[in-house]
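Please read these comments with the sequence and the model side by side. They are written for someone meeting a structure of this kind for the first time.

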Amino acid sequence: MKTKKLVAVMLFIGLCLFSQAQTNQRSSDPDNLAKEYFSQIMGVAVNATTNTKLYQFVYEWLGTPYRLGGDSKRGIDCSKFSLAVYENVFNTTIGYNSRNQYDNVTPIRKNELQAGDLVFFKIRSRNITHVGVYLGDDKFAHASSSKGVMVSNLNEAYWKRYYYNGGRPKLDNARMMTADANNNEKGNLN
């Protein structure tokens with residue numbers, strides 16, 4: 001009987017030590033720490049935070065005020081924000097307004113969205129009027145006209161109502177994805 005208790009205690013102590021070692025190893029890894037931090041800040045599951053550079057970039061812009069046509073931390077609009085994400089995180093250009101950004105993506109279903117995909121909205125319009133960058137777990141980063149750069153949930157009633165489509169930029173190495181001069185005549189939407 002004493003042998004069984006001794007073995008059980010030894011196994012328990014071993015399990016506790018192993019668990020502690022795993023926790024310490026995970027916590028000392030800077031990438032895991034960053035993923036855990038961004039997961040908490042943006043409300044995205046740790047396993048969904050695959051692109052640390054994307055979350056770092058979004059984090060640095062959170063709270064930046066909205067300014068139509070703006071493209072700096074003094075003020076930015078939604079299409080310039082998504083453009084900045086793509087230029088700085090993915091090293092590509094996607095277009096200068098939400099409509100021509102949509103022209104440069106392959107449409108994808110909502111349930112197929114991955115971190116870095118674009119999400120498009122038609123807010124009280126027949127045309128695309130708003131764009132954001134998908135982060136995972138139904139969250140997306142965007143420049144809101146009322147609150148500036150922020151993270152929102154696609155399942156909120158407002159966003160659900162105006163959601164149009166998701167898109168993944170076309171990977172055509174022969175040309176950079178830039179604004180079409182013909183679209184500029186239609187007016188610059190954010």
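The numbered points below go from the whole chain to single residues.

1. This is a predicted model, in which local features need pLDDT of at least 70 and side-chain atom pairs count only at pLDDT 80 or more, while totals for chains, interfaces and linings use all residues. Residues are numbered from 1 along each chain as its sequence is written, and side-chain values use heavy atoms, with hydrogens and water left out.

2. The protein chain holds seven helices and eight strands, where helices (H or I, at least four residues) and strands (E, at least two) are DSSP runs, numbered from the N terminus. Of its 190 residues, 41% are buried, a word that stands for under 20% relative accessible area, with exposed meaning over 50% and partly exposed in between (1.4 Å probe, protein chains only).

3. Among contacts (heavy atoms within 4.5 Å) between residues at least 6 apart in sequence, 54% join residues at least 24 apart.

4. Helix 3 (residues 52-61) and helix 4 (residues 78-89) have axes that come within 10 Å and cross at roughly 140 degrees; the axes are lines fitted to C-alpha atoms, for helices over the stretch in contact, and angles run from 0 to 180 degrees between N-to-C directions. On the side of helix 3, the contact is made by Lys53, Leu54, Phe57, Val58 and Trp61, and on the side of helix 4 by Phe81, Ala84, Val85, Asn88 and Val89.

5. Is Gly166 buried or exposed? Gly166, which lies in strand 8 (residues 163-169), counts as buried because its relative accessibility is 0%. Leaving aside neighbours within four places in sequence, Gly166 is in contact with Thr106, Pro107, Ile108, Leu113, Leu118 and Val119. The C-alpha atoms of Gly166 and Phe121 are separated by 9.0 Å, although these residues are 45 apart along the chain.

6. Most residues other than glycine have a negative phi. Asn91, although not a glycine, has a positive phi of about 55 degrees; Asn91 lies in the loop between helix 4 and helix 5 (98-103), and is exposed, with a relative accessible area of 67%.

7. Asp138 also deserves a look, with a positive phi of about 65 degrees although it is not a glycine. Asp138 sits in the loop between strand 5 (130-136) and strand 6 (139-144), and at 27% relative accessibility Asp138 counts as partly exposed.
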